Amino acid sequence: MEFFSKGIIYNFMKYARIFVTTTLILAFLSLVLVFTKGFNYGVDFVGGTVVQLKYEQKAPIDKIREDLAKDKLFAGALITEFGSPEEVVIRFSTVSDSVAQDIGDHIHTLLKDTGTFDIRKVDIVGPKIGSELRSKGIISAVLAMIGILIYVAVRFEWKFAIASVITLLHDITITLGAIILFDIEFSLDVLAAVLTLIGYSLNDTIIIFDRIREELEETKNTNFSEIIDICVSKTLSRTIITSLLVFFVVLTLYVFGGEIIHGFSFTMLLGVIIGTYSSIFISAPFLTLIGFNVEKYKANIALKEKNRIEKEKMRSQYEKGTV
């Protein structure tokens, strides 16, 4: 295919300003959603009880709501269809630890007139545990960012590290904004998807940055925009093929995996699209925004090479006894 030909160099940097401006606006709007609307936290993070029921016939949701309303324990309970008309999920705040021992029998008694059903799952999370899980999730994401910053700074240089972290923050922020916009319940599964996307997005970015570093060391060209176009074009086929493979795998999970992994697969779908877009159009242009200088970089490389040669020369003289 001509599109994947390694000889074609696409002029990505010509539209870099448009891409960066658009994506920063999306990131800003996502932050507005985070601080205004906020997340729809699941039981994992706020505490409460989730009960999943499986009816032999279509679940009478209105009748279930009516019967549960008779018990103050289920005040404010959320009853929704779960994957099929025969299954429902009941979410409510747990008001007593003792309820955990007989909640199944209690629901069976309350809903005995709604039809024949089985209780397939009962999950109970205390508010304190939910708060701890939320805090640890935030700490995990922050530590991942710090680790990435250190790794990229050591492997490349600090400006590459900053550009990588900015790209990751961009990807995560827009993904979180989309989660809020589509009212996806933020559970441990969604958090796992977000942390997975950190590694996925970084992998694509590192490949492009590695190609840029090789090009900087091999070429005498000092036009950084041209170098970026060359490197992104040369890695384009790899980026697109990998992203499409991951996308179709996750799409399969989303379509056929069932309601229970809906949040995880939906977040992964969003993240793959956003991460691919940022790897191609955003990550490298960020280097220009933070003032990456090709001539200074080449001078640093030359100085390091000179120091290396001098050290080897001194070592050789020492071994021969001439020093």
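Colleague: Which elements of the chain have the lowest and the highest mean pLDDT?
Modeller: This is a predicted model, and among its elements helix α4 (residues 99-110) has the lowest mean pLDDT, 71. The highest, 90, belongs to helix α1 (residues 16-36).

Colleague: And what does the chain average?
Modeller: The average pLDDT of the chain is 80. A score of at least 70 is reached by 91% of the residues.

Colleague: How many helices and strands does the chain have?
Modeller: There are 11 helices and 6 strands in the chain.

Colleague: What share of the residues counts as buried?
Modeller: Of the 323 residues, 40% count as buried. The accessible surface of the chain is about 17900 Å², and carbon and sulfur atoms account for 61% of that surface.

Colleague: What about contacts between residues at least 6 apart in sequence: what share joins residues at least 24 apart?
Modeller: Among those contacts, 79% join residues at least 24 apart.

Colleague: Let us change topic. How many aromatic pairs are there?
Modeller: The count is 13 aromatic pairs. One of them joins phenylalanine 160 and phenylalanine 209, with 5.2 Å from centre to centre and 75 degrees between the planes, an edge-to-face arrangement. This pair links distant parts of the chain, since phenylalanine 160 lies in helix α6 (residues 158-181) and phenylalanine 209 in helix α7 (residues 188-218), 49 residues apart.

Colleague: Is phenylalanine 160 buried or exposed? And phenylalanine 209, buried or exposed?
Modeller: Phenylalanine 160 counts as buried because its relative accessibility is 0%. Phenylalanine 209 also has 0% relative accessibility, so it counts as buried.

Colleague: Why is the pair of phenylalanine 247 and phenylalanine 248 called edge-to-face?
Modeller: The planes of these two rings stand at 75 degrees, with the ring centres 5.6 Å apart. Planes over 60 degrees apart count as edge-to-face, so the pair of phenylalanine 247 and phenylalanine 248 receives that name. Phenylalanine 247 is partly exposed at 22% relative accessible area, and phenylalanine 248 is partly exposed at 48%.

Colleague: Which residues form an aromatic cluster?
Modeller: Tyr10, Phe12, Phe19, Tyr277 and Phe281 make up one aromatic cluster.

Colleague: Now the charged side chains. How many salt bridges does a search of the whole structure find?
Modeller: The search finds 9 salt bridges. In one of them, lysine 63 is joined to aspartate 67, with the closest N and O atoms 3.4 Å apart.

Colleague: Why are lysine 63 and aspartate 67 about one helical turn apart?
Modeller: They are separated by about one helical turn because they are 4 residues apart in helix α3 (residues 61-68). Lysine 63 is partly exposed, at 29% relative accessible area, while aspartate 67 counts as buried at 3%.

Colleague: What about arginine 91 and glutamate 185: what is the N to O value for their salt bridge?
Modeller: The value for arginine 91 and glutamate 185 is 3.1 Å, N to O. The pair links distant parts of the chain: arginine 91 is in strand β4 (residues 84-92) and glutamate 185 in strand β6 (residues 185-186), 94 residues apart.

Colleague: Which residues are linked in a network of salt bridges?
Modeller: The network links Arg211, Glu214, Glu215 and Lys234. The salt bridge between lysine 234 and glutamate 215 has its closest N and O atoms 3.9 Å apart. Lysine 234 belongs to helix α8 (residues 224-256) and glutamate 215 to helix α7. Lysine 234 counts as partly exposed at 33% relative accessibility, whereas glutamate 215 counts as buried at 10%.

Colleague: One last residue. Where is phenylalanine 286 found, and what does it touch?
Modeller: Phenylalanine 286 is found in helix α10 (residues 283-289), and it is buried, with a relative accessible area of 4%. Leaving aside residues up to four places away in sequence, phenylalanine 286 touches Val20, Ala163, Ile166 and Thr167.

How values were computed. Residues numbered from 1 in each chain as written. Heavy atoms only, no water. Phe/Tyr/Trp six-rings, centres within 6.5 Å; stacked < 30°, edge-to-face > 60°. Helix = DSSP H or I, 4+ residues; strand = E, 2+ residues; numbered from the N terminus. Buried < 20%, exposed > 50% of the residue type's maximum accessible area, 1.4 Å probe, protein only. Salt bridge = Lys/Arg side-chain N within 4 Å of Asp/Glu carboxyl O. pLDDT = per-residue confidence, 0-100. Contact = heavy atoms within 4.5 Å. Areas by Shrake-Rupley, 256 points an atom, 1.4 Å probe, with all protein chains shown as cover.
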